[in-house]
Amino acid sequence: MAGLELRGIRKDYGSTAVLKGIDLSIADGEFVVFVGPSGCGKSTLLRVIAGLETVTAGDIRIDGAEVTQTAASDRGLAMVFQSYALYPHMTVHQNMSFALENMGIAKAEISSRVERAARMLRLTDYLQRRPAALSGGQRQRVAIGRAIVRDPKIFLFDEPLSNLDAELRVATRKELAALHAEIGGTMIYVTHDQVEAMTLADRIVVLNGGRIEQIGSPLELYNRPANLFVAGFIGSPRMNLLPTELVREETAGPAATLGIRPEHVEPCAEVDADLTVRVDLVEQLGGETFLYTSADTGGPNGLPLTIRCDGQSRLTRGDLLPVRLRRDHLHRFDATGLACRPDPILARSPS
Amino acid sequence: MTDTMRSHGEPARGPSAAAAAVTTGGANALMRLTDPPMRAVQRLIGAARMPYVFLLPNLVFFGLFVFLPIGINIVFSVTGGTALFPAERPYVGAEHYARLLDCGSYLEAASCREDLFWRGVGNTLTFTVFQMVAMVLFSLITALVLNRPIRGRGFFRAVYFFPVLLSPVVVALIWKWILQRDGLLNAVLTTAGGEKILFFVDPGWAMFWSVFVSVWAHMGFYTLILLAGLQAIPRDVYEAAEMDGTRPWRVFHRITLPLLWPNLLVVLVLVLIRSVQVFDEVFVLTGGGPGTATMMVVQYIYTTAFANQVQNFGLAGAASVLLGVVLFVLTLIQLFLTRRRAS
Amino acid sequence: MTGKLRRLLLARRGGRSWHWTDVASYAYLALGVLLMFGPVLWLALSSFKTPAALLEFPPSLLPMAQSEVSVPGYPQPLPLFRVTMEDGSVRELAQVRRVGILAQMVDPKTPSQTIRVPTDRRTPVRHMALAVENYTDPLTQFDFLRFLRNSLVVTVVATIITLLINSMAAYALSVYEFRGKKLAMLGVIGTLMIPITIILAPVYLVVTKLGFVDSLWAVILPGAATPTGVFLLRQYMLTIPRDLIEAARMDKASEWRIYARIVMPLSMPALAVLAIFSVMWRWNEFLWPLAVLTKTEVHTLPIALNAFQGELQTQWHYLLAMTVVTLLPVALVFAFLQRFITSGIANTGMK
């Protein structure tokens, strides 16, 4: 187990810059999630850490030791691939022991390690099977098992759940969290799914266009997004973004855009209302209801506003609804998209 | 991913199962033997330079037996004498080329100084033209027939294909036995009331049977390529044509032929390249005879360098270089066509 | 009943009725079977005929020999004939000698009495006889076993070398990016169509300088590095997911181990195709061995056959038998691996 330090990492493919200067430290035992839209460079960053890609500039340290030029096989990291990358011609047992054989570990030791990992991952009955004879979830667990037996310095996960169906994804997510609690290794996890990021991470790194937009704990990012990108990316349904003039008595100073999450928009009496919206679509989920509405701005299309209500709703399409925005949960962004904060340190993300 | 995993996951099917079982046993022992030195090499030069290590053996063989000989051949072609070792051969410039190309009229082999070479060129051209037409025609017809909903398609495909695997010597001997003076074919001819024909004494018949035997031996291969092309044409294209009430000939002309054209082109060029190199079957079948009626360019090169009393490596080398240039151009055309087919 | 039978016999896939094109197709295929199989069958049948039967014209279809009987009073066995007598009865008589159009014959049961019969009144009595000595004699009289052994050695050793060095080169050209890769590819592709025929003399020189003339190495080594093989294996290796190779690198495998333990087992189908082809190339190879193997004791089967047909012009019975022996292994391989070979060729377009 080890910590990781990235300094000024840049990666160019020809004339295209994929990583435009990444600085990041990850502490020993931390679970860090890289999240961002596709093409943001999160997978490239993971592969740079793994040693599968060379860097154009910058350096990488593991436990304080410089490894920038070290080959992937010598960095002592383990990786779980999106495709699982199980060796199709080897049994589960052989898949898990391959790395240990490569390290020249004694046969007895290999067997005991593989069996321990198999017990942990409920794979004991499948050790003699080939990957083709396993279900998607089992393959996924083999891929994790292959990493666990290594006892690596850092675990790297490249979108490991994206090939599973929704139900299995939720279950495996929980198992991963439990696993991290149990073995406590340093883990770096790449995903484009913000729910995975929120539920798994100690810290989330939001990447966009080859840069880090914000680093912080899940709730920090949710409650205090540093800029419009993070505000829009984290949270589902997305945060509502409104022009300042739409709200009465708004005194946010330099703010150019207001943001408010769907759960912070409340139906209210007409006198208290900030604005009146027309309901376009009602999604009843039983325990909660999403109202997709639009506020009349005079233009051909109204301004969209999503509202989350607890419980069930009797509203139908076309109803008019006066709503209020909770003042304590308003996010204010300036014309460049950065959050306006009393505390300027929090507002500035390294970009 | 699942698909590729599966396809690579079960290589142990059919004939490769036994091979796989044998290799895993041997591979483990070999691994223990080869891994430590290779690991040491990797540590010494770094993983990034390992591809050169992997390329090396093949490259040594290529260098020794292909690249170096091509170079020597060019040296041969501009030096004279009978010595095999290039250093002992006096430089003669373009003399061999001049001798090969010295002709009264290129249409008349007898008017050339090296008339055997030109007879070879002429014979090869004749052979190539007839063989291309016959080969493409018959393999296309066979592929079209095999592409129909036929019972026992696998069997018939195998029937047409198996001569491809036979040794050219075997192929030639099989037919030589049938075509000889008292052979099966003459027996059939006389029973039908005809006269015996001495197939290998008549120049026309000798060339005919050279082409015939060559088509017999190789058409299965081209049939297979064309059949693969036909089967790659989606069924629904034909079904759409049928719904439109298109007549069969029009379907062939406007749908099958254009969609098969890339494969057909590849077949054409492959047949061309192989025809230009033809030697084995014809040599065993006719010995180049009667006289020089079926002597091909390659046979000329072979006899000039090896079989004659005086081994003239210079002349053979010059002829090889000329043939090599032709083959190189044809190969470029083929690569261009296959690349276009791939994209 | 007959209607049912007719429908069964004439039924076609899809339940449609017969069209003239169907008849033409099957007629074409039947003719094809005759033309393709016929000559080989004729060869096989002829190879069992005695030299006397081979000289017959018109030849009989099956290997036949004239029956002979030992008649008391005659030292040699006499040929047996079926004779139509003048009274119209048919008797079996043995021929003592023939004078012009008359034959002197005896009845084996009454050897003392000779009968004169016009030659056009008698037909030979024949029975089927397999001249197995066509196969056994060459084994003892000529060094046929040696040629067989030479062919086997050349085929096996050359195929192993080809598989090894071709797969190594293909691995380098499919998995790595390195300086000079384009040049190496060009070298491979450029030699795809250079047949050994046109560089015969210089290869001969190289082989002489290496001291291989009149040894089997002279045939084994020059053709070992086949551009076709490299090309075929490379195309196949390109389809192996890159993730597997990267996973192996993360698993601390050396590059040689990745080649031997991951890429080779996964390339088994392509290796099998190349192996089969290498076996056939080598078993059938003609021109190069003809040039370089001048001593009889190193001749391979095709060369020996060619030499026989030159020397033993009249001994067709041996030649035919040995041709069958040369053909047999290939026929057996094809019979068992037919589907595999044809699909391999269709997929790779090589021969």
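# Chat about a three-chain model

Visitor: Where does A:Ala273 lie in chain A?

Guide: A:Ala273 is in the loop between β13 (265-267) and β14 (275-284) of chain A. Helices (H or I, at least four residues) and strands (E, at least two) are DSSP runs, numbered from the N terminus. The model is predicted: local features need pLDDT of at least 70 and side-chain atom pairs pLDDT 80 or more, while totals for chains, interfaces and linings use all residues. Residues are numbered from 1 along each chain as its sequence is written, and chains are lettered from A and ligands numbered from 1 in the order in which they are written.

Visitor: What does A:Ala273 contact, apart from its neighbours within four places in sequence?

Guide: A:Cys268, A:Pro322, A:Val323 and A:Arg324. Contact is a C-beta to C-beta distance within 7 Å, with those atoms placed from the backbone. A:Leu325 is 52 residues from A:Ala273 in sequence, and their C-alpha atoms are 8.2 Å apart.

Visitor: Why is A:Ala273 classed as partly exposed?

Guide: Because A:Ala273 has 17 other C-beta atoms within 10 Å. Buried needs 20 or more other C-beta atoms within 10 Å, exposed means 12 or fewer, and partly exposed is in between, again with C-beta atoms placed from the backbone.

Visitor: What is phi at A:Glu159?

Guide: Positive, about 45°, although A:Glu159 is not a glycine. A:Glu159 is in the loop between β7 (154-158) and α5 (166-183) of chain A. A:Glu159 counts as buried because it has 20 C-beta neighbours inside 10 Å.

Visitor: And C:Lys252, buried or exposed?

Guide: Buried, with 24 other C-beta atoms within 10 Å. C:Lys252 also has a positive phi, near 65°, and lies in the loop between α10 (242-250) and α11 (255-266) of chain C.

Visitor: Staying in chain C, what should helix α12 span?

Guide: Helix α12 (residues 268-284) of chain C has 17 residues, so at 1.5 Å a residue it should span 24 Å, and its end C-alpha atoms are 24 Å apart, which agrees. The expected span is 1.5 Å times one less than the number of residues. Of the 17 residues of α12(C), 14 are buried.

Visitor: How many residues of chain B are in contact with chain C?

Guide: 88 residues of chain B, against 88 residues of chain C. Helix α3 (residues 50-77) of chain B gives the largest share of the chain B side, 17 residues. That side has 64 nonpolar, 18 polar and six charged residues. Ala, Val, Leu, Ile, Met, Phe, Trp, Tyr, Cys and Pro count as nonpolar, Asp, Glu, Lys and Arg as charged, and the others, Gly among them, as polar.

Visitor: Back to chain A. Which domains does the assignment give?

Guide: Domain 1 (4-229) and domain 2 (239-342) of chain A, with bounds from an automatic or database domain assignment. Their C-alpha centres lie 38 Å apart. Domain 1 of chain A puts four residues into the contact and domain 2 of chain A puts in six. On the domain 1 side, three are nonpolar, one is polar and none is charged.

Note on methods. Two residues are in contact if their C-beta atoms, placed from the backbone, lie within 7 Å.
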